[in-house]
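Welcome! Take a moment to look over the sequence and the model, and then let us walk through them together.

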Amino acid sequence: MKRLSPFLICFFALAACGPAADTGPVNVAIIGEPQSLFQQGMRLSSGAQHLRAASFEGLVSLDPAGQIVPAIAERWIVTDDGLSYIFRLRNTSWPDGEPITADDVRLLLRDTLNRLEGSSLGLDLAKVTEVRAMTGRVVELRLSSPMPEFLRLLAQPELGFVKSGGGAGPMIASRDEDAPIARLSALPPEARGFAAREDWEELARGITVRALPAADAVDAFADGEVDLLLNGRLSSFPLAQLGPLSRGAIQVDPAIGVFGLVIRSDAGILTDAARREALSMALDRDALIQPFGLGGWQSATWIVPPGQFGVRAYPDSRWEGLSIEERRAIAQRRILAWTPGEGESAELRIGLPEGPGSDLLFQQLQESWGTIGITLQRVAPGEGADLELRDRVARYSSPRWFLNQFNCELEIGLCSPEADELVLQSLTVRNFAAKQRLLAEAHAALVEEEVFIPLGAPVRWSLVRGAITAYQANQWGLHPLFPLSQPTT
């Protein structure tokens with residue numbers, strides 16, 4: 001399958017990045033509201049995802065490069081038809097000393113699948129038809145049709161196992177009583193079913209984690225209080241301007257996913273799909289990103305990037321053959337042809353998060369849509385916007401992930417029941433080409449309804465101190481904390 005080309009796996013050396021101390025705790029800040037670090041349940045902030053992954057293992061997990069590695073499952077096989085995944089569990093225990101059994105995993109997975117219903121991750125896992133314990137340490141998951149990226153779904157933090165409030169590591173988390181800070185300590189190898197290492201206590205490093213607003217997190221990094229800053233987004237990217245003595249660097253993940261504007265209202269000027277398309281037509285996406293200095297960013301005019309399909313389903317760019325001037329002329333005619341009703345106007349409310357990057361984006365959108373007769377009013381997300389930013393990194397690489405982000409069950413904005421039905425039909429289709437055709441038809445149905453204005457790839461950036469060797473930019477935007485604690489020798 002053709003992949004999106006990476007956008008700016010940039011490593012801006014901002015100074016002579018001399019090594020920081022390699023003893024003592026690693027200090028991590030994750031951009032977000034402080035209390036979001038401790039979210040529970042199935043809808044987690046970035047900080048809570050990283051904390052969950054560190055302290056509650058699932059069957060498999062991710063390494064720093066975003067590759068699948070064993071976790072509670074020490075090994076697995078996939079049957080030739082791709083319909084059965086059989087896992088052998090590691091010989092390890094829960095925090096109370098009870099062994100982790102296949103029955104435990106079966107019950108916990110079933111419960112997780114039930115609690116994920118109504119979420120996009122639940123839709124992603126809809127191919128799971130059966131979870132069963134084969135023997136004391138062997139678990140089988142059966143699918144309705146092959147899914148090459150299934151292991152990547154199982155590695156998501158939300159699928160980490162929690163029993164009686166505890167997990168099997170690989171780290172133990174505690175919370176400060178007087179501050180929203182988590183402290184992580186790596187379990188010794190023998191506690192996880194591996195051979196003991198005598199020098200473990202001397203070599204393993206603790207990790208402190210806190211969630212901070214973007215400006216505070218960048219200041220903490222610049223002041224040397226933080227070794228690694230995660231979850232930077234386009235809304236905060238202008239803050240990532242470090243001074244010459246920072247001893248750190250900006251890294252940008254080559255992320256894939258959705259970044260654009262969900263259409264939440266079909267009233268007034270947004271009633272007609274052709275006028276909704278006009279808004280998308282009028283945008284020069286490369287010009288939108290220019291003020292950010294993000295060279296190599298991948299713009300998008302389709303909901304599902306064409307490279308996600310095994311066979312070219314449509315041109316790389318929508319409206320091929322039309323210049324931006326020609327597109328804006330068509331868009332302007334459609335907007336001017338609209339006759340507003342009583343109390344209606346060509347003003348739209350747009351929901352954007354706070355941050356200097358959002359300020360820049362709003363200015364660019366305001367200028368672009370001003371050329372076709374649209375005016376904008378900015379509001380906070382969730383405050384009655386007609387259009388609202390949707391910024392999600394993909395959990396796996398498949399057209400189905402992109403289509404699931406706009407399923408009617410999620411109630412995020414306009415949707416297409418026809419597209420949802422086609423995706424549902426694809427779940428049981430075992431022929432790859434036939435499945436791809438159904439997903440391409442679903443995409444066409446979504447595009448026809450004009451439910452989303454794609455802008456491009458989501459932006460995820462980090463600030464990394466020179467001594468942090470266990471960090472790697474990757475397209476999934478998840479950076480496991482456990483490897484930061486591990487001895488390098």
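In which helix is Arg285 found? Arg285 belongs to helix α8, which covers residues 285-289. Keep in mind as we go that this is a predicted model.

A salt bridge would need the nitrogen and oxygen atoms to lie within 4 Å. What the side chain of Arg285 does reach is the backbone oxygen of Leu283, at 3.3 Å. Leaving aside residues up to four places away in sequence, Arg285 touches a set of residues that includes Trp297, Trp319, Arg327, Ile453 and Leu455.

Other charged residues do find partners. Side chains of opposite charge can pair when their charged atoms come close. In this model the count comes to 22 salt bridges. One of them joins Arg90 to Glu57, with the closest N and O atoms 3.2 Å apart. Arg90 sits in the loop between β6 and α2, and Glu57 in the loop between α1 and β3, so this pair ties together parts that are 33 residues apart in sequence. Both Arg90 and Glu57 are buried.

Next, look for Arg318 and Glu450, whose side chains meet in a salt bridge at 2.5 Å, N to O. Arg318 lies in the loop between α8 and α9, while Glu450 lies in the loop between α13 and β18, so the pair ties together parts that are 132 residues apart in sequence. Arg318 is buried, with a relative accessible area of 11%, and Glu450 is buried too, at 6%.

A further salt bridge connects Arg349 with Asp386, and here the closest N and O atoms are 3.1 Å apart. The pair links strand β15, which holds Arg349, to the loop between β16 and β17, which holds Asp386. Arg349 is partly exposed, with a relative accessible area of 35%, whereas Asp386 counts as buried at 8%. Salt bridges can also join up into a network, as they do for Glu74, Arg75, Arg88 and Arg137.

Now turn to the aromatic rings, where the count comes to seven pairs. Phe237 and Trp461 form an edge-to-face pair, 6.2 Å centre to centre, with 80 degrees between the planes. Phe237 is in the loop between β12 and β13, Trp461 is in strand β19, and the two are 224 residues apart. Phe237 is buried, with a relative accessible area of 4%, and Trp461 is buried at 0%. Phe406 and Phe452 make a tilted pair instead, with centres 4.7 Å apart and 45 degrees between the planes. Both of these phenylalanines, Phe406 and Phe452, are buried. Ring pairs also link Trp302, Phe309 and Tyr314 into a cluster.

Rings can meet charges as well: the charged end of Arg175 sits over the ring of Phe38, 3.9 Å from its centre. Arg465 has its charged end over the ring of Phe221, again 3.9 Å from the ring centre.

Let us finish with helix α1, residues 46-55. Why can this helix be called largely enclosed by the rest of the structure? Nine of its ten residues are buried, so the rest of the structure largely encloses α1. Among the buried residues are His50, Leu51 and Arg52. The buried residues of α1 pack against β2, β9, β10 and β12.

Key: Residues numbered from 1 in each chain as written. Predicted model: local features only at pLDDT ≥ 70, side-chain atom pairs only at ≥ 80, totals over all residues. Heavy atoms only, no water. Helix = DSSP H or I, 4+ residues; strand = E, 2+ residues; numbered from the N terminus. Polar contact = N/O pair within 3.5 Å; in protein donor to acceptor, adjacent residues only side chain to side chain. Contact = heavy atoms within 4.5 Å. Phe/Tyr/Trp six-rings, centres within 6.5 Å; stacked < 30°, edge-to-face > 60°. Buried < 20%, exposed > 50% of the residue type's maximum accessible area, 1.4 Å probe, protein only. Lys NZ or Arg CZ within 6 Å of the ring centre and 35° of its normal.
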